[in-house]
Amino acid sequence: MTSGNILIVDDNRTVLRALELVLQPEFNSVSTLSNPNRLPFFLQTNSVDVILLDMNFVAGVNTGNEGIYWLNEIRKMKPDIPVVMITAFGDVNLAVKALKMGASDFVLKPWDNNRLIETLKSAVRVRQSQEKLGKSAGNTEKSDHKEENVELLGQSSAMKYVFRLIEKVAPTKANVLITGENGTGKELIAQAIHRHSERADKPLVSVDMGAISETLFESELFGHVKGAFTDARADREGKVIIANGGTLFLDEIGNLSLPLQAKLLAVLENRQVVPVGANRPVSVDIRLICATNCNLEAMVEEGKFREDLLFRINTIRIEAPPLREREEDIVLLAKHFLQFYGEKYHKQHLILSGMAREKFRRYSWPGNVRELRHAIEKAVILADGEVLQPEDFHFRPVIEQDEAPTTLEEMERSMIEQALEESSGNMSSAATRLGITRQTLYNKVKKYGL
C-alpha cells in the first residue's frame, strides 16, 4: 500500500464507486465528492495528497471548462496538492491546457486500472518529495513499501541472482537499466536499489516516459518559470529538479522519440537542466535508473534509439525474470498476496487448495507477478468459503502457436497481441499498425485483458 490520501471529484456516483473500489486497496484513504462546490470546505477540514478531478459536471457538456475552473480554484486554495484530471472526452489541446495550468497528469475514461494506480502513486511520491524538499514542519516522507518489498521475495535462482545484483549496485552511483516483460516488477527493483543506496533518505521520483507527450516533455521533466507560456502562472519544478540529491526513475524509456532522447541525453551529460522560459541552467545531482520492456539494442540497429544514450543509461543492467521462469516462487507469492488481501478484505482464514496451487504451477503467467496479484485479489473478494479451489481463478486463455484463430474475436485478439509485440508494447505504434485510434486500442486491450 502507498501512503497517501486520495480525493475523487466526479458527479457520476457509479464512477465514484468504481474508482473507490479500485483505489482503496492501494492508498491510506480514498474520499469522494459528487459535488465540486463542496471542495473548499473539504480541503479546509481534511488532509489530501492527490485530487482526481473530473473535467465535466453538467450533463451534455463536454468542453472541460468546469474542470479547468475547479483546477484553478484548487490551485488558489491548495497550490501544493497535485491534481490529476480525468475525462471521457480525450483532447490533446485540453490536456495541454490543464497541464499548463498546473495539473500533474491526465487520465482518460475508460481508465486502465494499473496505469491509473501508478499515475496516482507517482503523484503522491512527487507530493511527498516536494514536502520534504520544502522542509514542511512535522512532515517526513515515509512511503510504505511493505507490499512492494514482498513482491521481490523469491527463492528461485533467477531472483537470488537479482538480489545479488541489487546488493552490489545499490551502494554505487552507477546508472542502472532494468529490462524485462510487463508485470515483472521493474519499478520494485528500482525502489529496492534506492532504499539500499546512500540516497535512501532523499526523493525517489518516478516518471512514465511513455505517458509524456513531446509538447509537455520539457515542462514535465525540466520545469518552467512563471510567464514561460500562456497560463504559466507560477514557477513549477520539473521531475529532474525534484529528484535532485536522490534517484530519478525513468520508466518505459524505450518509448521516447529521437528528439526527446537528444534532450534527455544533454541533461544526463551536463547534469544541468534549463526550465522552460529560464535563462540559467540548474545543476542537478541524480542517480539514474531506467526501465523498459523493449529491446533497445534492436532499436539502435533500426535507428529508433540513440546508441550514445543507451551507453549512458546502461552502466549496469538487471533483467527482471518472468514469473514462468520462477516456478519455485509462484506459490510463495500467491500465499503472500492471499494473506495481504485476506487482511484487507477481512477474510484472514482463506487458504489455497492443493489443486489450486497445481493450477498456478501449470499456468504460464503471461502477465507475470502483476497478473498473479490481481488473480488472488479477485478470488479473495468473491470467495464464499475458506478454501480457494481451481474454479475460483479464471485465467485468460492462451492460443497455442500452432493453433489458428477460429473466431473473429480470436483473430482480433491475435492481431492486437502481435501488433503490441512488434511495437514492444508501445500503444501508439501498435494502434498505427492496426489502423485504429489509440483510445480504441486501449478499449480492446481492456476487453481482452491483455
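The protein has 19 helices and 16 strands, where helices (H or I, at least four residues) and strands (E, at least two) are DSSP runs numbered from the N terminus. This is a predicted model, in which local features need pLDDT of at least 70, side-chain atom pairs count only at pLDDT 80 or more, and totals for chains, interfaces and linings use all residues. Residues are numbered from 1 along each chain as its sequence is written, and side-chain values use heavy atoms, with hydrogens and water left out.

Of the 450 residues of the protein, 51% count as buried, meaning under 20% relative accessible area with a 1.4 Å probe and protein chains only. Among contacts (heavy atoms within 4.5 Å) with a separation of 6 or more, 71% join residues 24 or more positions apart.

S219 is buried, with a relative accessible area of 10%. Not counting residues up to four places away in sequence, S219 touches H224, F229, G238 and V276; from S219 to P275 the C-alpha distance is 7.0 Å, although the two are 56 residues apart in sequence.

Further along, the axes of helix α17 (residues 408-422) and helix α18 (residues 427-434) come within 8 Å and cross at roughly 130 degrees, the axes being lines fitted to C-alpha atoms over the stretch in contact, with angles from 0 to 180 degrees between N-to-C directions. That makes α17 oblique to α18, a class for angles left over once those under 35 degrees (roughly parallel), over 145 (roughly antiparallel) and 65 to 115 (roughly perpendicular) are set aside. In their contact, M415, I416, A419, L420 and E422 of α17 meet M427, A430, R433 and L434 of α18.

Terms used: Buried < 20%, exposed > 50% of the residue type's maximum accessible area, 1.4 Å probe, protein only.
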